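Please keep the model in view while reading.

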Amino acid sequence: MAVNRVPVLKRCRSLALDPSYLGVEKKSNRNLTRANKKISEYGLQMREKQKAKFIYGVLEKPFRNYYAKAKRMNGMVGDNLMILLERRIDNVIFRAGLARTRKEARQIVDHKQLLVNGKKVNIPSYQIKAGDVITVKETKKDSQRYKDILEVTAGRIVPEWIDVDTEALTVTIKSLPTREMIDVPVNEMLIVELYSK
């Protein structure tokens, strides 16, 4: 499996991205200074694509597949793309506050610690649907890890399309997200322009 090993803060600096979108609390004191400040139109489009891929932890080929799927769906391609990325189970777990970072959410899914409607799921790209109930396995509910996570993520704002029960470690999907509900700083229209060339 391919893994992006670039340091998070360095990557955030290069993409002009706040690390809090990844669940990272650290801040970088350095400023990125480029000799040539002007970025071409293609450069801007590429940066937005890299930003979306980095935030959601998706590699190039799966990202291209998401774009192809978004194109086949009804509605705006850019909005569909963002909704598909937001519906990934690793992202939902991060949003619900059951993981400190998206990488940790991915690891929780990989380690088969979650049940979706009572069935084991270990694929981070699994697409959740409205009405799905995600629970932490009974054997893991009392582990120190989740107590620590809930302590750290207590102040995190949970999106309105997700309902979280922190006592039972259960996440209920009330509805599918709309583009307005997604607070990720990505201009998806630039990604659409990039892929439609």
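The radius of gyration is taken here over C-alpha atoms, and the globule rule is 2.2 Å times the number of residues to the power 0.38. For the 197 residues of the protein, a compact globule would come near 16 Å, and the value of 17 Å agrees with that. The model is predicted, so local features need pLDDT of at least 70 and side-chain atom pairs pLDDT 80 or more, while totals for chains, interfaces and linings use all residues. Residues are numbered from 1 along each chain as its sequence is written, and side-chain values use heavy atoms, without hydrogens and water.

Eight helices and five strands make up the secondary structure (DSSP runs, H or I of at least four residues for helices and E of at least two for strands, numbered from the N terminus). Their order from the N terminus is α-α-α-α-α-α-β-β-β-α-β-β-α.

Twelve salt bridges are counted, each a side-chain nitrogen of Lys or Arg within 4 Å of a carboxyl oxygen of Asp or Glu. One of them joins R106 and D90 at 3.9 Å, N to O. Because R106 is in helix α6 (residues 102-110) and D90 in helix α5 (residues 89-96), this pair ties together parts 16 residues apart in sequence. D90 is buried, at 4% relative accessible area (buried is under 20%, exposed over 50%, partly exposed in between, with a 1.4 Å probe and protein chains only). R106, at 26%, counts as partly exposed.

K53 and E60 form another salt bridge, with closest N and O atoms 2.9 Å apart. Both belong to a network that links K49, K53, E60 and R64.
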